[in-house]
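Please look over the sequence and the structure shown here before reading the report that follows.

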Amino acid sequence: MAQGSGGFGRRSLLQGAAAGSAALALPALAAAAPAQARSGRPRADWGVQVGDVTTSSGLVWVRSDRPARMVVQTSATESFRDAGTTRTWRGPVLGAGTDFTGVTALHGLPAGEQIHYRVLLADPDDPRRAGEPVSGTFRTAPDGRRTPDGTSRSGGGQRADVRFHWSGDLAGQGWGINPERGGYRIYEDMRRRNPDFFLCSGDNIYADNPITDTVTLPDGRIWRNVTTEEKAKVAETLAEFRGAFRYNLLDDNLRRFNAQVPTIIQWDDHEVHNNWYPGQLLEDARYTEKSADVLSARSLRAFSEYFPIRTLRPDGRGRVYRVVHHGPLLDVFVLDMRRYRNANSPDRQTEDPQGILGAEQLRWLKRELSRSRAVWKVIASDMPLGLVVPDGKTDFEAVAQGDPGAPLGRELQLADLLRHIKHDRITGTLWLTTDVHYTSAQHYAPERAAFGDFEPFWEFVSGPLNAGGFQAVKLDGTFGPEQAFIKAPDRANTSPAESPQNFGEIDIDGASGELTVRLRQEGGEVLFSKVLQPGRVGQ
């Protein structure tokens with residue numbers, strides 16, 4: 001994914017090089033050219049995306065079908081006729097090295113406002129030859145709070161409340177895009193609720209799950225998938241990982257969603273292989289390449305090409321973990337529980353400095369939580385905390401290992417973090433995750449726990465987006481979880497046609513700071529809700 005940035009206004013473009021002037025003229029040329037004249041010009045059939053939006057910035061993504069110069073225009077109006085608010089941003093040249101994907105960074109945007117944008121792809125050697133523009137929109141984060149009378153404390157007409165959704169697990173267990181069912185229709189359910197952004201908690205692809213033409217359901221019905229060459233087998237090569245990420249963009253619902261709702265993306269195991277960890281050698285006969293390190297490097301490169309993430313470079317260098325500041329109401333702490341973990345094991349060691357986060361990421365998380373002045377600090381975890389997720393007969397995949405006593409193994413890192421949150425008086429923390437293919441709400445409290453040096457907190461689970469549903473797993477009593485709600489299938493790998501898919505919704509009131517969590521299922525029905533109050537170390 002090639003990257004570029006720049007805030008080029010009309011005057012600076014006209015004063016710049018001829019290429020810049022030609023790029024400025026692209027919108028009129030592209031709009032005026034008849035369809036036959038646009039043939040042979042770059043196309044953006046995979047849609048657009050925006051990622052990691054803040055009060056004043058965002059990353060715009062696109063993929064071309066051939067080498068092209070990426071140009072982005074932003075405006076306060078959908079018509080782009082307001083010259084005073086329209087800006088042009090000259091992005092990178094997209095080429096084969098990034099699978100013709102690229103990102104342009106936008107800066108200096110107005111806070112709490114609807115931003116309209118369009119992406120044009122032009123022939124790098126002839127900027128006048130541009131394809132059809134592809135449009136999208138997003139809201140920047142508010143930079144102030146709403147007063148009780150409904151006005152924004154930062155002035156202007158900006159929206160000060162925050163709404164976002166989260167979920168994960170897409171195209172898993174062989175359940176791909178089914179046109180007869182309407183494709184990934186949960187994305188249309190979320191889009192209609194008009195969130196400020198969507199947090200994907202991982203398993204954006206299932207690199208280890210091929211997609212076949214048909215699957216026979218238990219009742220004899222036939223599930224019919226859209227198929228591609230790359231998804232006919234497990235992903236091993238860079239081209240196959242790229243094809244797995246492209247596969248989801250064949251869905252109309254997802255492309256329409258991406259054009260309206262920004263994303264915050266993290267990854268988990270199925271971007272590579274089920275339950276993988278660094279240094280692992282796969283015991284899977286489907287694979288010629290057995291090294292999880294080699295596979296994960298290829299996947300991370302494709303991942304970095306196909307999602308706009310501020311801390312990742314197009315070649316896969318950088319990191320997935322980061323904090324996204326969404327104004328005074330919210331900071332989102334995106335974790336990576338995959339790249340820095342120790343090997344899956346029985347996990348009963350009494351010392352474990354590496355744990356599931358690695359020492360450096362844990363230091364970063366503690367430091368950034370302490371620095372945060374946001375009312376709410378959402379910790380986006382790609383794995384649950386107190387749910388026991390096995391890996392085979394003796395090993396464990398997540399934090400918990402089923403021993404309800406004092407912290408052991410990876411639980412030691414969590415105990416250290418929870419102790420830090422308590423003693424540093426960090427207010428407004430809650431945990432969001434997916435992973436287990438059902439939806440639930442857990443409350444953790446020291447009076448029920450074997451380890452008591454922490455303040456109470458909530459963990460909410462939602463998913464999958466379009467994957468098999470699975471039975472509930474057991475709770476580990478170390479941190480005193482109590483399940484306030486759970487909805488899970490009664491058998492493994494129930495199809496999306498049999499078990500409704502799930503997403504979570506967070507609403508933060510701009511005046512009171514009150515946060516409402518709703519666990520929803522496909523179609524929008526609320527399964528469970530919980531209201532949390534701001535300014536508290538524990539909930």
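How do the residues of the lining of the largest pocket divide into nonpolar, polar and charged? They divide into 8 nonpolar, 7 polar and 4 charged, where Ala, Val, Leu, Ile, Met, Phe, Trp, Tyr, Cys and Pro count as nonpolar, Asp, Glu, Lys and Arg as charged, and the others, Gly among them, as polar.

This is a predicted model, in which local features need pLDDT of at least 70 and side-chain atom pairs count only at pLDDT 80 or more, while totals for chains, interfaces and linings use all residues. Residues are numbered from 1 along each chain as its sequence is written, and side-chain values use heavy atoms, with hydrogens and water left out.

Strand E24 covers residues 502-508, strands being DSSP runs (E, at least two residues) numbered from the N terminus. In E24, 7 of its 7 residues are buried, that is, under 20% relative accessible area with a 1.4 Å probe and protein chains only. Asn502, Gly504, Ile506 and Ile508 point one way from E24, whereas Phe503, Glu505 and Asp507 point the other way. In a regular strand the side chains alternate between the two faces of the sheet.

E24 and E25 form a hairpin with 6 residues between them, and Gly513 in the turn has a positive phi of about 80 degrees.

Key:
Buried < 20%, exposed > 50% of the residue type's maximum accessible area, 1.4 Å probe, protein only. Helix = DSSP H or I, 4+ residues; strand = E, 2+ residues; numbered from the N terminus. Pairing = 2+ DSSP bridges.
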